[in-house]
Amino acid sequence: MADESLLHVARIPAGEFVMGADDGEEDERPLHLAYIDDCAIGIYPVTNVEYAQFVRETGHPSPSVRVLPLMVSGPLESDFRAVAAAYLWNNGTPPAGRDHHPVTLVGFEDAVAYCAWLASKSGQPVRLPTEAEWERAARGGLESKRYPWGDTLDAACAHFLPDPSVKAERGTAPVGSYPANGFALHDMAGNVWEWVSDWYSPNYYERAQYINPQGPETGLMRILRGGAWVNADGRYLRCAHRHKVPPDSYSYSIGFRIAYSLK
C-alpha cells in the first residue's frame, strides 16, 4: 500500500512565466518565456528526520565527509571539515537538535536515490525539480522580482549571512522558520542550496524549449539554486541565479527538495 506521509508538497498550477534576469549574470540571459505543466513541489527542503527514514530502510550511506569534492581544494579543506563537523551523522542518526533542519552533506546522486525511494514508497513519480520548475515555484507567482518576496533583500524573509563575521555561530535553520512565498513554499531563498535535475550550460537559455524545459542532455556541471545560510552576497539568493558546481559536489550548505508531475 502506498505511503504518502512524506509527501509534504504544494501544487504549482500550470502556467507561463518569465525565466531569467536581464540584470543578472550572463547565463541568466536572455529573458524568455517558459510554460510549466501542473506539478507538485516540496513545501520545505527534505529534512534530516525524513532522510533518516530513507537511510534506515535502504541502507544508503549517511551524510558524511567522504572523498572531498572538487570544489574543496587543498587550502579550503581544514575549514570545510571544521564547519562540516556539526552536520555529521552518527550510526545513521542525524546531528542532535537538527531533526527538522534540511539534510545536508548530500550529493546529486544521493538526492536522486532519495527521490527514487520515495517514488517507490509513495506511488508518486517523485524526482528532483527541473531548473524551470524550481524557478517558477520560487517566484511564487510574482513576475520578474529578484526574490520570492520582492526586489529588496530582507533578513526577515530568508536565512542567509548578513554578517560574515558570525559564520562560525551561524548554521542551517529549521525548515519553515521564515514566511512562505505565494505558492506556500518555504526556504526557496536561503537556508540551503538545492539540487535541480538539469545539467548546466551557460547559453542554454538561448535555445531552451518553451514547454517544460529539461535542460541540456549532457554536461560537465550541475546546478544548485536558492542560496544558503553561508551566503552574505544577496545575489546568490535571487530567483534567477544559477549556481554551477561539479557533479561530485556536496557541502554543509547543500540540500534538496522533491517534485513530481501532476496529471
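**Stop one: charges over rings**

Select Arg 66 and Tyr 250: the charged end of Arg 66 sits over the Tyr 250 ring, 3.8 Å from its centre. (A charge sits over a ring if NZ of Lys or CZ of Arg is within 6 Å of the ring centre and within 35 degrees of the ring normal.) Next pick Arg 222, whose charged end sits over the ring of Trp 199, 3.7 Å from the centre.

Before moving on, some housekeeping. This is a predicted model, where local features need pLDDT of at least 70 and side-chain atom pairs count only at pLDDT 80 or more, while totals for chains, interfaces and linings use all residues. Residues are numbered from 1 along each chain as its sequence is written, and side-chain values use heavy atoms, with hydrogens and water left out.

**Stop two: aromatic pairs**

Rings of Phe, Tyr and Trp (its six-membered ring) pair if their centres lie within 6.5 Å; planes under 30 degrees apart are stacked, over 60 edge-to-face, and the rest tilted. By this rule there are 17 aromatic pairs. Show Tyr 87 and Trp 229: the ring centres are 6.3 Å apart and the planes at 25°, so this pair is stacked. Tyr 87 is in the loop between helix H2 (77-84) and H3, and Trp 229 in the loop between strand E6 (222-225) and strand E7 (243-245), 142 residues apart. (Helices, H or I of at least four residues, and strands, E of at least two, are DSSP runs numbered from the N terminus.) Tyr 87 is buried at 4% relative accessible area, and Trp 229 is buried at 1%. (Buried means under 20% relative accessible area, exposed over 50%, partly exposed in between, with a 1.4 Å probe and protein chains only.)

Now go to Phe 108 and Trp 195, an edge-to-face pair at 5.7 Å centre to centre with 80° between the planes. Phe 108 belongs to helix H3 and Trp 195 to strand E5 (residues 193-199), so the pair ties together parts 87 residues apart in sequence. Both Phe 108 and Trp 195 are buried.

**Stop three: Cys 115**

Stay on helix H3 and select Cys 115, which is buried at 2% relative accessibility. Which residues does Cys 115 contact, leaving aside neighbours within four places in sequence? They are Val 126, Arg 127, Leu 128 and Ile 258, where contact means heavy atoms within 4.5 Å. The C-alpha atoms of Cys 115 and Val 126 are 5.4 Å apart, though eleven residues separate them along the chain.

**Last stop: a ring cluster**

Finish by selecting Tyr 51, Phe 54, Trp 89, Tyr 114, Trp 117 and Phe 256, which ring pairs link into a cluster.
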